[in-house]
Amino acid sequence: FFLNTYTKINCKNWLKIFLENYKDKRFIGYTGSYASIPSQFFGFYHSQYSKFQQLRWGINHFRKFKLFPNPHVRTNGFLIKGIDLISLNFDRKLLKNKIETNYFESGRQNITIQLQKKGFEVGIVNSDSIFFEVKRWKESDTYCLNNQEKLIFTDNRTSEYQFSNLNKRAKMTKFCWGI
């Protein structure tokens with residue numbers, strides 16, 4: 001079970017929920033997203049940067065990331081057998097800076113894609129212990145959806161959404177889900 005340093009428990013029986021939904025060849029997270037880093041730049045999401053900078057960054061990142069939709073389990077919290085994780089094609093020595101961890105999470109050969117190619121069922125669970133396949137993630141009421149009422153954990157990104165105004169929330173939802 002992997003959790004990042006910003007993760008905080010948000011519901012009772014969180015471990016039970018994951019264990020009830022776990023089975024062999026299943027990759028489970030508590031949040032997922034369809035977000036794409038180059039699509040974010042091409043859509044001029046970051047108003048603090050010039051359009052030229054964002055176009056340049058979008059083009060630079062296009063080699064490493066798919067355009068929207070780019071479904072991936074967010075790596076701030078997930079459950080998988082250790083042997084299945086270490087069998088993936090990643091140079092662990094490179095996972096020392098933020099962009100390399102972004103490649104691991106949502107790049108063209110990310111953890112979700114590699115596991116799907118190996119026949120894994122991929123999904124997220126919410127605090128009602130409901131497992132959502134990729135195509136149903138938008139129904140989960142988790143990451144950047146509604147008021148995120150069904151989050152099992154919170155983290156810096158879920159908190160950013162929670163404490164944002166309605167305009168910023170709408171922007172984050174659009175970026176993550178296209179809605």
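Residues are numbered from 1 along each chain as its sequence is written, and side-chain values use heavy atoms, with hydrogens and water left out. Because the model is predicted, local features need pLDDT of at least 70 and side-chain atom pairs count only at pLDDT 80 or more, while totals for chains, interfaces and linings use all residues.

## Sheet

Helices (H or I, at least four residues) and strands (E, at least two) are DSSP runs, numbered from the N terminus. Two strands pair if DSSP finds at least two bridges between them.

Five strands make up an open sheet. Their order is E1-E6-E3-E7-E8, and the pairing is mixed. E1 and E8 are the edge strands, each pairing on one side only.

Strand E3 (residues 26–29) runs parallel to strand E7 (residues 121–125), and four bridges join them. Arginine 26 stands opposite glutamate 121 in E7. Isoleucine 28 has glycine 123 as its bridge partner in E7. With strand E6 (residues 77–79), E3 pairs in the antiparallel sense over two bridges. There, the bridge partner of glycine 29 is phenylalanine 78 in E6.

In a regular strand the side chains alternate between the two faces of the sheet. Both faces of E3 are covered. Arg26 and Ile28 on one side are buried, as are Phe27 and Gly29 on the other. Buried means under 20% relative accessible area, exposed over 50%, and partly exposed in between (1.4 Å probe, protein chains only).

## Pockets

Rolling a probe the size of a water molecule over the atoms shows where empty space is left. The search uses a 1 Å grid over the protein atoms alone; a pocket is an open set of points where a 1.4 Å probe fits, with protein on both sides within 12 Å along at least five of seven lines. Lining residues have an atom within 4 Å of a point. Grid points are joined across faces, edges and corners, and a volume is the space filled by probe spheres set on the points.

The largest pocket has a volume of about 1,300 Å³. Its lining holds 45 residues, with Arg74, Lys98, Asn102, Glu105 and Arg157 nearest the centre. Elements that give two or more residues to this lining include strand E1 (2–3), helix H2 (37–42) and helix H4 (82–86). H5 supplies the largest share, seven residues. The lining of the largest pocket divides into 21 nonpolar, 16 polar and eight charged residues. Here Ala, Val, Leu, Ile, Met, Phe, Trp, Tyr, Cys and Pro count as nonpolar, Asp, Glu, Lys and Arg as charged, and the others, Gly among them, as polar.

The second largest pocket holds about 230 Å³ of space. It is lined by 13 residues, of which Lys64, Phe90, Glu100, Tyr103 and Gln109 lie nearest its centre. Four of the lining residues are nonpolar, four polar and five charged.

Contact means heavy atoms within 4.5 Å. The contacts in the table leave out neighbours within four places in sequence.

| Residue | Relative accessible area | Contacts |
|---|---|---|
| Glutamine 148 | 4% | Asp141, Thr142, Tyr143, Thr158, Tyr161, Gln162 |
| Threonine 173 | 11% | Cys144, Tyr161, Gly178, Ile179 |
| Histidine 61 | 16% | Ile37, Pro38, Phe41, Ile99 |

Glutamine 148 lies in the loop between strand E8 (131–133) and strand E9 (153–154). A polar atom of its side chain lies 3.0 Å from the backbone nitrogen of cysteine 144. Threonine 173 is found in helix H8. Its C-alpha atom is separated by 9.6 Å from that of serine 33, 140 residues apart along the chain. Histidine 61 lies in helix H3.

## Backbone features

Most residues other than glycine have a negative phi, and most peptide bonds are trans.

Phi of glutamine 148 is positive, near 55°. Asparagine 146 has a positive phi of about 50°, although it is not a glycine. Asparagine 146 is placed in the loop between E8 and E9.

A cis peptide bond joins phenylalanine 68 and proline 69, with omega about -5°. Proline 69 sits in the loop between H3 and strand E5 (72–73).

Terms used. A polar contact is a pair of N or O atoms within 3.5 Å; within protein, one must be able to donate a hydrogen and the other to accept it, and residues adjacent in sequence count only if both atoms are side-chain atoms.
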